[in-house]
Amino acid sequence: MNRIKEAAIIALGIMVLGFSIKAGIDNVVNKDRKVTVKGLAEKEVEADKVTWPIQTKQLGNDLPQLYSSINETTLKVKNFLIQNGIKEEEISINAPVVKDLNADVYSNNQRSYRYIITSNLTVTSRNVKLVRSIIARQGELLKQGVAVVNDDYGSNVSYEYVSFQNMKPEMMQEAIKNAEKTAQQFAENSKSKLNKIMTADQGQFSIDDRDSNTPYIKKVRVVTTVTYSLKD
């Protein structure tokens, strides 16, 4: 009887050892079986912040008179903005900048004026549609004798999308879902089954203009990289 028990115990031990060896072999075979894919998610959104630099200039030789004239022009621009719905706290005015052409070593001093005085007023607002409508009507300032210039660096209107943090979780989920679809297709093609996620990055977000004609429409894009293990 003892021999029978001993034989049964030995047989059981051999079976357990066999299963352990098989599991170990399976692990060795499958440990390098993985697929790394990229998942993409894209959305088009309207900008929710606009920065509009407004620049005006005066030319002349009488500096005090130029200061008075440029301040009057700046006040006209400010009143125009407020009358059209821009809040006063959305308007910032920098001190006028004066350029003395006689102090310019590259000037030939043949101009009929000595000074160029520039006023810089900036509108920063979250009401993008309102600002865009006013930009389209800025020609109305010409009736008041105000010419807005846009020939200097930094005078272009810029649009931003600052609320993208709120959509990051949803976009990440979509990117990972798209990555899983790609990995699933790969697994089917290789006669395998998709297993668990081994590694995944947080994704790289980018925000760009949809095109050069509509800078107020932004394309938000995220690409994530996910590695899945495969099994038979």
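Student: What does the accessible surface of the chain come to, and how much of it belongs to carbon and sulfur atoms?
Tutor: About 15200 Å², with 51% belonging to carbon and sulfur atoms. Areas here come from the Shrake-Rupley method with a 1.4 Å probe, and for residues only the protein chains shown count as cover. This is a predicted model: local features need pLDDT of at least 70, side-chain atom pairs count only at pLDDT 80 or more, and totals for chains, interfaces and linings use all residues. Residues are numbered from 1 along each chain as its sequence is written, and side-chain values use heavy atoms, leaving out hydrogens and water.

Student: How many helices and strands are in the chain?
Tutor: Four helices and nine strands. Those are DSSP runs numbered from the N terminus: helices are H or I with at least four residues, strands are E with at least two. Along the sequence the pattern reads α-β-β-α-β-β-β-α-β-α-β-β-β.

Student: What share of the residues counts as buried?
Tutor: 30% of the 232 residues. Buried means under 20% relative accessible area, exposed means over 50%, and partly exposed is in between (1.4 Å probe, protein chains only).

Student: Which residues have the most contacts inside the largest nonpolar core?
Tutor: Trp52, Leu81 and Val123, in a core of 18 residues. A nonpolar core is a set of buried Ala, Val, Leu, Ile, Met, Phe, Trp, Tyr and Cys residues joined through side-chain atoms within 4.5 Å.

Student: Which elements each supply at least two residues of this core?
Tutor: β2 (49–60), α2 (63–83), β5 (115–125) and α3 (128–135). The biggest giver is α3, with four residues.

Student: And what is tryptophan 52 in contact with?
Tutor: Leaving aside neighbours within four places in sequence, Trp52 meets Leu81, Leu121, Thr122, Val123, Val131, Ile134, Ile135, Gln138 and Val157. Contact means heavy atoms within 4.5 Å.

Student: Which residues are among those of the other core?
Tutor: Val45, Tyr161, Phe164 and Val220 are among its ten residues, and that core lies apart from the largest one.

Student: Next up, methionine 167. Buried or exposed?
Tutor: Methionine 167 counts as buried, because its relative accessibility is 10%. Its place is the loop between β6 (158–160) and α4. Not counting residues up to four places away in sequence, Met167 touches Lys43, Val45, Tyr161 and Val220. The C-alpha atoms of methionine 167 and lysine 43 are separated by 9.7 Å, though the two are 124 residues apart along the chain.

Student: Where does alanine 47 lie?
Tutor: In the loop between β1 (34–46) and β2. Alanine 47 is buried, at 7% relative accessible area. Beyond four places in sequence, it touches Val128, Tyr159, Glu160, Tyr161, Tyr216 and Lys218.

Student: Now threonine 224. What does its side chain make a polar contact with?
Tutor: The side chain of aspartate 201, at 2.7 Å. A polar contact is a pair of N or O atoms within 3.5 Å; within protein, one must be able to donate a hydrogen and the other to accept it, and residues adjacent in sequence count only if both atoms are side-chain atoms. Threonine 224 sits in strand β9 (residues 217–231), and is buried with a relative accessible area of 0%.

Student: Last one. Which phi does lysine 191 have?
Tutor: A positive one, about 60 degrees, although lysine 191 is not a glycine. Lysine 191 is in the loop between α4 (168–189) and β7 (193–200). It counts as exposed because its relative accessible area is 73%.
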